[in-house]
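I opened this model to go through its confidence, helices, core and surface in turn. My notes follow.

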Amino acid sequence: ENLSLWSSFLKMIFALAIVLGLLLGVLYLVKKMMRRSLPLPAILDLLLVHGILHLLGHDHEGNTTEALRMEKKSMEILKALGHDGESFEWYLRTDEK
């Protein structure tokens, strides 16, 4: 029974660490984007598109080709949502500009 309690406690701590990590990441991005005077809908759309692409299996860590593919897809979706591509230039890698 103590082992089960300990296991549940560790799972809860792990889940809390993930949630806090995500929250800090979102807060960091919102702060960075607000410094660029992007409107809140643009910030939220980028975060949503970015998150959905991750859920679909895209990644930008460690593989430059996949990172560029993810950024290109993000920009296509943001433009389809009516956003100006130039507003998100900072989001693109320098080798893609």
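Confidence came up before anything else. I read a mean pLDDT of 83 for the protein, with 94% of its residues at 70 or more; pLDDT is the predictor's confidence in each residue, from 0 to 100. This is a predicted model, and local features need pLDDT of at least 70, side-chain atom pairs count only at pLDDT 80 or more, while totals for chains, interfaces and linings use all residues. I number residues from 1 along each chain as its sequence is written, and side-chain values use heavy atoms, with hydrogens and water left out. By element, helix 1 has the lowest mean pLDDT, 84. Helix 3 (residues 64-80) has the highest, 90. I keep a rule in mind: where pLDDT is low, the predicted coordinates should not be read in detail.

Helix 1 next. Helices here are DSSP runs (H or I, at least four residues), numbered from the N terminus. Helix 1 covers residues 2-35. I count 34 residues in helix 1, and the span from its first C-alpha to its last is 49 Å. That is close to the 50 Å expected at 1.5 Å a residue; the expected span is 1.5 Å times one less than the number of residues. After helix 1 comes serine 37, with a positive phi near 60 degrees.

Is lysine 31 buried or exposed? Lysine 31 is exposed, at 53% relative accessible area; the cut-offs are under 20% for buried, over 50% for exposed, and partly exposed in between (1.4 Å probe, protein chains only). From lysine 31 to isoleucine 43, 12 residues along the chain, the C-alpha atoms are separated by 9.7 Å. Methionine 12 also lies in helix 1. Its relative accessible area is 53%, so methionine 12 counts as exposed.

Now the core. Which residues of the largest nonpolar core touch the most other members? They are Met33, Leu38, Leu46, Phe88 and Tyr91, out of 16 residues. Helix 1, helix 2 (40-55) and helix 3 each supply at least two residues of this core. Helix 2 gives the most, six. A nonpolar core is a set of buried Ala, Val, Leu, Ile, Met, Phe, Trp, Tyr and Cys residues joined through side-chain atoms within 4.5 Å.

In helix 2 I checked alanine 42. Alanine 42 is buried, at 3% relative accessible area. Alanine 42 and leucine 24 are 18 residues apart in sequence and 19 Å apart in space, C-alpha to C-alpha.

Last, the charges. How many salt bridges does the structure hold? I find two, each a side-chain nitrogen of Lys or Arg within 4 Å of a carboxyl oxygen of Asp or Glu. Arginine 69 pairs with glutamate 66, the closest N and O atoms being 2.5 Å apart. Both lie in helix 3, three residues apart, about one turn. Arginine 69 is partly exposed at 44%, but glutamate 66 is buried at 14%. Lysine 73 pairs with glutamate 76, with 3.9 Å between the closest N and O atoms.
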